[in-house]
Every structure is written in C-alpha cells, then in structure tokens.
Amino acid sequence: MGSKEKPIAEKNFEFIATKDEIEQFWVRMNFFLQEAGVSVKEQSNFRLAISEVLTNSVRHSYKGKPGPVKIIFFNYKDRLEFWIRDFGIPFDLMKVPDPDIPPTKPGGLGVFFVKQLMDEVMPIEEAEGNHMKLVKYKKNKEK
Amino acid sequence: MAMKLQQRQKADVKILEVSGDIDFYSSPDLRKTLHKLLEKEKTKLLINLKKVPYIDSSGLATFVELLQKTRAQKGSLILAELTETVKGVFQIAKLDSIFQLASSDEEGLSWLGSSTASL
C-alpha cells in the first residue's frame, strides 16, 4: 500500500466503530503491538492516538453514529504505521488549530494528542471519507 | 472497561470514586454526575482515579470544564491517586500543573482543610 518496502508484519482490522467493537479491536491490536516489542507505555500512547482519530470519525464523519472503519497496522524495521480509514463525511483533522496548552477551555485536545504522540501524522487523499496515516519511529521511543 | 461511579461524603467533602475508562463514550455520564455534585456553591470535591486505567481528550475536557465550574463557584477540586497512564495524559497537556493532584485521599483531604484529614 503505497510503500514498496516490505513490512515485518501487517494486520488489517475492519469493524463498525462502536464502543464494544473498538474495545475488541484493542484486545487484538495489543497482541500485535506486544509481538512487535512495544512497551506497555507505548501501547497506551498508541491507544490514545488511534482512539482520538476514531472518535473524530464517529463525531464528525459519521455525525455521532457508528460507521465502518478500517485500520491497517504495519510493523517495519524502523517504524510502526497505522492507516486509519473511514467512509463518512470528509473532515480535515490537520486544519484543527492546536488548543492553548495548558487548555483553558474544553475541546481541541484530541488532534493535539495525536500530533504529540506520533512522529508523523498525514492525510491520504481518497475519493470518499477520511484516511490518516500515523507513523512512529522505533528509535524515537522517548518522544 | 466500563466506567462506574461511587459517591460518598466525608464531613464537608464530596468524594467520587471512578472505576474504568474515561473516554468519548463514558465522559457524558461522568459530566452529568459532576454537575449534580456541584449544584451548590463552595463545594469541596475530591475525585479518586486510582481505578481509571485510561483517559482520552473527552475525559480531560470533562475535568477542564469541571475545574472552571469549581473555580466559578469558589469551590475546591482535588484529583487523587492518578495511575501512571492517566497522569501521563495530564502531563502531555500540561494540566498536571493546573490541577491539584494528590497522591492519596488523605493528602487530598488535608489540602481541602477537611476535618476528615486524619482518616
């Protein structure tokens, strides 16, 4: 998908973004993260970053209703990638302004967390819906 | 992990124990409960988070809103026994310097000047 480099491991997840389905996704995702040697702290960080993207899909793309999402996890030699796709109303996460830090009012923190926790956050152009690519380099564990 | 809320009162302090994840799905229930607890002015509120393994931006926003409301009502708010993961999320947003984070209920009660501090 896009890259000619062959990953060490690749895993596809497709589900409807409900609370229960997301919890089941995390049980499976954590298994693959552990297999990739990801620490417990980093597992929590990935959970937060990916959940914030999924929350935006439910809140903005699907207007509060559960909708289908697709997540592809790539374990490369030097990095982990998470490709997160929904099929709802297009919503540009990258245009969300950073909140004041520390925040003085509720809101705007989700995208800030994604940017803080990942090394690269970039949209992938699609004919419909939203597609985000999140990258974390393995050597940059303390970011 | 589904969220559960348990309320108790120690002298003039309202204590809320939260168990489970505080996220997009559970934070509306938490917000509703917190607003009920803050119906009166000058409320002293201690929230114990030792059984909260995970919090997201929705949960954090709930606490930011709560802090604003507490200050507006001249009340007091202490968050106690944050897990490492939850404390880490507060630190990313630099909210650990804004909230009063106690290491135990006893410490939080002493900060509130409660007569129950020696519990």
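## Exercises on a predicted two-chain model

Residues are numbered from 1 along each chain as its sequence is written, chains are lettered from A, and side-chain values use heavy atoms, without hydrogens and water.

**Exercise 1.** Find which residues of helix 3 of chain A are buried, and what covers them.

*Solution.* 
- Step 1. The buried residues are A:Leu109, A:Gly110, A:Val111, A:Phe112, A:Phe113, A:Val114 and A:Leu117.
- Step 2. Look for cover within chain A. It includes helix 2 (40–61), strand 4 (120–123) and strand 5 (130–137).
- Step 3. Now turn to chain B. Its helix 2 (57–72) and helix 3 (84–92) also belong to the cover, where contact means heavy atoms within 4.5 Å.

**Exercise 2.** Describe the build of chain A.

*Solution.* 
- Step 1. Count the elements: three helices and five strands. These are DSSP runs, numbered from the N terminus: helices are H or I with at least four residues, strands E with at least two.
- Step 2. Read along the sequence: β-α-α-β-β-α-β-β.
- Step 3. The radius of gyration of chain A is 15 Å, close to the 15 Å of the globule rule for 143 residues, so chain A is as compact as a globular protein of that length. The radius is taken over C-alpha atoms; the rule is 2.2 Å times the number of residues to the power 0.38.
- Step 4. Of the 143 residues, 47% count as buried.

**Exercise 3.** Trace the sheet in chain B.

*Solution.* 
- Step 1. Five strands form an open sheet in the order 1-2-3-4-5, with mixed pairing. Two strands pair if DSSP finds at least two bridges between them.
- Step 2. Strand 1 (4–10) and strand 5 (101–102) are the edges; each pairs on one side only.
- Step 3. Strand 3 (residues 44–51) and strand 4 (residues 76–80) of chain B run parallel, joined by five bridges. In strand 4, B:Ser76 is the bridge partner of B:Lys44.

How values were computed. Predicted model: local features only at pLDDT ≥ 70, side-chain atom pairs only at ≥ 80, totals over all residues. Buried < 20%, exposed > 50% of the residue type's maximum accessible area, 1.4 Å probe, protein only.
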